[in-house]
Every structure is written in C-alpha cells, then in structure tokens.
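User: I would like to go through the helix packing and the chain contact in this model. Please keep the answers brief.

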Amino acid sequence: MNVHEAVRQDAAPAESTSPPAAGGFWDFKRVNPVRSMVCFGLGAAIGLGIAGFGLFTAKGTVTHVVPPENVALVNQRPILRTDFIAQTETELGKPFGEATAPERLKVLDEMLREELFVQRGLELDFPGTDPDTRTALVAAVEQQVVADVTTHQPGDAELQKYFEENRANYATEGTMALHNLLLPKTNSSGPDAMGTMQQAAAALRAHTPLDDVVKTYGLRELVPEHASDEQFYFAQRIHLGDALYERTLTLNDGDVSEPVAAQDGVHIVQMVKNIKPLPLTFDRVRSQVLNDYVMAEKKRLEDADLQYLRDKADILIADDYAAAYEKNQVEKSAEAAKPAESSKP
Amino acid sequence: MPPPVAENSPLASDLQPRDRPRFRDRQGWKVWAGIGLAILIVAGGTTYLAGQSTMRARLMRADPDAVPQDSDLNRFAIAYAQPVYDQYCASCHGDHLQGNSRDGVPDLTHPAWLYGEGRVAQIEHTILHGIRAGDPKGWNLADMPAFGQPNPYKRYKVEPLEPGEIRDVIEFLLVSGGKPGDRAAAARGSKIFAAKGQCFDCHSPDLQGDAAIGAPNLIDDIWLYGAGSSEDIYDSISRGRGGISPAFAQELSPVTIRALAVLVYAASHQEAAKTAVRSPGPSTGTGG
C-alpha cells in the first residue's frame, strides 16, 4: 500500500454519507441547528421591535405617554411646555418659577379648554366661515414665508450681489436749503411776469441782497409752515411741486433757477445749500441690505407660493367675470416682471 | 522514503497531524472576544443613549430658569447646545457669541438685554419664535421708524423729521447720556423726542427703553448698531432699524432650543461663562 492509498483510507470515514454530529450550543466550531433557530428568532424579534417602536412613536400615532417637551396632549395634539411657561408668565406677570402650583394648574386648565375649543372650532369649520379666523390664517401663512426665509441666512456674497443690483436704494437722503420766490399772479402774469422774474434772477446772480430783490420786484418768499431752512429732498419735492423741484435738483450752492410758471404765479429758486445724496458703502448699510433682502425674498416666495396654490387649485370663475379676470391676471404678471428685468445688471 | 505531496494537493490538509487545531479552532477566542466587545459596545451605547434621553427629559421638565442652578443639567445643556450653536447661530452671533455691532447683531455675552431681562425662559422664547421673523408668537411689536424717509413707519402714521431736528435729537441723546454736546440743540431735541418724533412712546420718557417691545435704552452707552457716534445715531434715526432673529421652532427640537437658551444664559452671566463657553470673546456690543 502506497502513501496515496493510505491517505484515501484515512480520509474515507470523514467523507462518509452520515452527517457530522451537531456541536453544542456554544460550540461555534460546529453547526448547531438550535443555535441557528435561536439567532433567527432573535433577529426577527429585534427587527419587529424596531419596526414596532417606529410605528408607535411616529408622529400622528396614538400615544399614552406625554413627551417631555409637552405638558399635555389633547386628542393627541400637544400643548408645548414652552407655550405653557409663556402663558403662565404672561397671565401672572411673574417668572414661571414664582408661580404656585394652583396658579400653574389654573393656566394649564385654561390652555386645555382653549385647545378643546380650537379643535371644536375646526370641526365646525370656522376657518371656512369666520372672517376673523380666516384673516388670522392668511396672516399666519404669509408670515410663515418670512420664517422660512429668516432661518436660512444669506451669505455675504448674496447680500453683496443684492446690494449691487439695488445700489440706488443705498444712499444718504439729500438735503436742500433754498429760497423759493414767487411773483403772484395777482401782481403780474404772462410774458411780463416771466420777464420780471428773469430780471429778478439776474439780480440775484449778481449778488444783490435777497431782501432788495424781493422789494424791487414785488416778490414773496414762500416758507413752509413749521419748517426750518434745511429739508430732505422728499420734503422739498412736496413743498416745491414736481416741476420746480426738478429744476432745483441740478442747482449748486448759490445758483438761481430760471423762472418756472406755476398755478399760483412764477417762481425762481435760489439755492443756499444742496447736499446731494451720497452712495453708501456695503459695510455701512449691510444690516439694511439684509432686511431688504429678506423682504424681497419673502415677496418672491409669497408669489411663488401663491402661484403654486393657483396651479394646483381648481378655480372656476363665473362667465361674467372670467375674461376680465384673466386679462387682469396677465397684466399683473407683466407688471410684476418689469422690475425684475430692469434690475438685472 | 515516501514521495513528497504537493502543497496545493487537496489531500495536503489531511496530511496535517490530527492534534493541530484547524483555523476555526485557532480563531475561537477572537470570536468570543468580538462578541464580548459587541455586547460591551451595545450595552455602553444603550446606557449612554438612555442617559442622554433621561437628561433631555429632565432638561425639558425642569423650570427653565432653574436649570443654571443645577450643575449637571447646566453642563449637559451647554455641551448639547454647543455644536448646534456653531451650526445655526455662530454665522451671525459669532464663534464666541460676541455679536456684531456693524449689523446690529447683539453681543450675547453682555448682561444687558433688549428683549426681557435675559432669563432662560425668555431667551428660549426668542430662539423659538424669533424677532420679526414671521412667527405670530415672536417679538414683533415695534420697529425703529426711518425719520429721514417720506413715510417713516409702516404700522401707523409718523411725521418725518427734518435733518436739523434729527441732529437736535442726537444732541439730546448724547447730553442725556453724559457726553459733551450742544445744550441748546439738546433742549430743542428733547421737545422733538417728547412730541413730534413720539420717541418717548417706545424709548420711554426717561430714555431707558422698554424691554417689553425691544426698545433699547438710549443712555446706557450700549449700542446695538455702531459705536454711538453721531453718524451711527443719525443712520439709525434717518434710515430706521428693524433687525431680524430667525424663529427656530420648526427647525430645531424643543430640547435643543432649551439647551441653546441655557448656553446663551451662561455666556451672558460672567461667572458661569468662564466655564460654560469655550473661550469668551470681547464684550463690545449690546446684549440681545
């Protein structure tokens, strides 16, 4: 018998048809059917446990345990502890810690009552009928848009871009101090009046004292009531009227305008001091840019929300209004698109 | 002499001596060690999570204003809140809660507060519902009108001020705050403060502000915007102010918000801040 035959003879019992004897439960060297079944069962139990935990603790599922962040559940709707604390402090006018147990229970009872009534109100469809509820709902939805915007703070690059696109909004308000002289219609009118005012303007340009010019040409200086000499541009626009204001904008200190005819007569303006609006740097107005950016984003999101709601809603308008309404909507869309196009760099 | 057996022969392993342990036998202790380690990790993790859960529940059930006095809860809350602060708040309030007076972001390490007195419950309310953030429960009662604009205030009618009137009001504020200024202009400014500007309505007749609506004290030399120069004050009066703090009620969990409130409270209370905040920054702005 050679070595190969000896080996085959030794190996033969191991390859026999009878299955190997099963090992003990903890003998990991051998297969153990009981252990296999136990592991299988254990895995299944853990899986079911996880699934059950997820199922019974997910939002919207019924629970009989009040989560720590809530002080109560009313038909599974939570009353937050933070709301409870705020309500207690508001009602009692003192810190929550100083409220006695009966005081806290009273507030809690009131909040439960409120929640029950709110739920009843929803059952009765008050949002569909009560004007105050509807107004509050509209305001709340509008405000929610701001909440979405504010929690995502824009970076400097975004703000800088917005600033560059709206540079005109970020300048100092210009101020003017001026003399507004009027030749009333009752004194003179027509070409004579224009001629007189041109002479008066020439005299002022020749540094004739104002009082002398007023007396010589029969003029009246218009001074707004309760106003000091220096006024913001917007205030001067109101005092002067659009036509005269446009003429004064280009005047430098000491300049005198050409006569301008108005309903009450002919005006000339002598500019005392014109401080023109100066562009502000991004750094100086960053906080304002941020606020404006948020408001612009709010408007954009509001419009987008409304458009989305319109698109998914089934809106039917009566025949006598349908055509006009549609036309109005098209015009509004075109109007809304205009500033967006013009603001592009 | 028997012929050599090739190593890759299927019979090679059978030629090994019977008493030499096979691979599975040799690795047995490692299997046991692995199982033990896994059990330890699972047990440790479960214990840790259970402990965290218990602390979170304790934090939520506690009176918020009492948390800073409970050292365990205080430490837990601050550790819990720090990464959240870094992620959500630091971009505006700074890494060390120091704020930014250029943008009107309050210094949270300062003991002065614009809204409320800086109690944990009040800070928590502000984080939850924000300031002018569109949350109906948030702080949203007033803005600073832009008195240098044609329509200074959106909420109701307020007359614009003239440039000279604004300068007079600034003199009034500076003189009232104990700084040098033009007393005649300050006298005129006080009348504007009390009448045409209606400033007293929010800032109170004694200029000490009103924490119930977030109207700042004007004579404590703490400035939310800028450093209190005439130019900074002119900007505030002429262009108006109305800073925004986001409402995190929908963004963060209630326990996270409470923990953040504890962190901010700790930072604004010097002794606690020394241990609470990693390294407090300079106190240069206005407490929120």
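This is a predicted model: local features need pLDDT of at least 70, side-chain atom pairs count only at pLDDT 80 or more; totals for chains, interfaces and linings use all residues.

User: How are α3(A) and α4(A) oriented to each other?
Analyst: Helix α3 (residues 81-92) of chain A packs on helix α4 (residues 101-123) of chain A with the axes 10 Å apart. The angle is about 115 degrees. Angles of 65 to 115 degrees count as roughly perpendicular. Therefore α3(A) and α4(A) are roughly perpendicular.

User: What is the handedness of the crossing where α3(A) passes α4(A), and how many nonpolar, polar and charged residues does the contact have?
Analyst: α3(A) passes α4(A) in a right-handed crossing. From α3(A) come residues including A:Phe84, A:Gln87 and A:Leu92, and they meet α4(A) residues, among them A:Arg104, A:Val107 and A:Met111. By class, the contact of α3(A) with α4(A) has 5 nonpolar, 2 polar and 6 charged residues.

User: Is α3(A) oblique or parallel to α4(B)?
Analyst: Helix α4 of chain B covers residues 120-129. Its axis and that of α3(A) come within 11 Å and cross at roughly 125 degrees. Angles from 65 to 115 degrees would be roughly perpendicular, and those over 145 roughly antiparallel. So α3(A) is oblique to α4(B).

User: Which residues of α4(B) make the contact with α3(A), and what is the handedness of the crossing?
Analyst: The α3(A) side is A:Thr82, A:Asp83, A:Ile85, A:Ala86 and A:Glu89. The residues of this contact divide into 4 nonpolar, 3 polar and 3 charged. The crossing is left-handed. The α4(B) residues are B:Ala121, B:Glu124, B:His125, B:Leu128 and B:His129.

User: What area do chain B and chain A bury between them?
Analyst: The contact takes 58 residues from chain B and 49 from chain A. Of the buried area, 55% is on carbon and sulfur atoms. The total is about 4300 Å².

User: Which three residues supply more of the area that chain B buries against chain A than any other three?
Analyst: The leading trio supplies 14% of the area that chain B buries against chain A. Its members are B:Arg102, B:Glu162 and B:Arg239.

User: How many salt bridges are there between chain B and chain A?
Analyst: Side chains of opposite charge can pair when their charged atoms come close. One salt bridge joins the side chains of B:Arg119 and A:Glu89, at 2.8 Å from N to O. Over all chains the count comes to 32. Between chain B and chain A it is 7.

User: What separates A:Lys161 and A:Glu165 along helix α7 of chain A?
Analyst: A:Lys161 forms a salt bridge with A:Glu165. The closest N and O atoms are 3.3 Å apart. The two residues are 4 residues apart in the helix, so the separation is about one helical turn.

User: How is α7(A) oriented to α12(A), and how do the residues of the contact divide?
Analyst: Helix α7 (residues 156-165) and helix α12 (residues 282-312) of chain A have axes that come within 9 Å and cross at roughly 90 degrees. That makes α7(A) roughly perpendicular to α12(A). Contact residues include A:Leu159 and A:Phe163 of α7(A), and A:Val289 and A:Tyr293 of α12(A). They divide into 9 nonpolar, 1 polar and 4 charged over the whole contact.

Definitions and conventions: Residues are numbered from 1 along each chain as its sequence is written. Chains are lettered from A and ligands numbered from 1 in the order in which they are written. Side-chain values use heavy atoms; hydrogens and water are left out. Axes are lines fitted to C-alpha atoms, for helices over the stretch in contact, and angles run from 0 to 180 degrees between N-to-C directions. Angles under 35 degrees count as roughly parallel, over 145 as roughly antiparallel, 65 to 115 as roughly perpendicular and the rest as oblique. A crossing is left-handed if the near helix is turned anticlockwise from the far one by less than a right angle, and right-handed if clockwise. Contact means heavy atoms within 4.5 Å. Ala, Val, Leu, Ile, Met, Phe, Trp, Tyr, Cys and Pro count as nonpolar, Asp, Glu, Lys and Arg as charged, and the others, Gly among them, as polar. Buried area is the accessible area (1.4 Å probe) that two parts lose on being put together, summed over both. A salt bridge is a side-chain nitrogen of Lys or Arg within 4 Å of a carboxyl oxygen of Asp or Glu.
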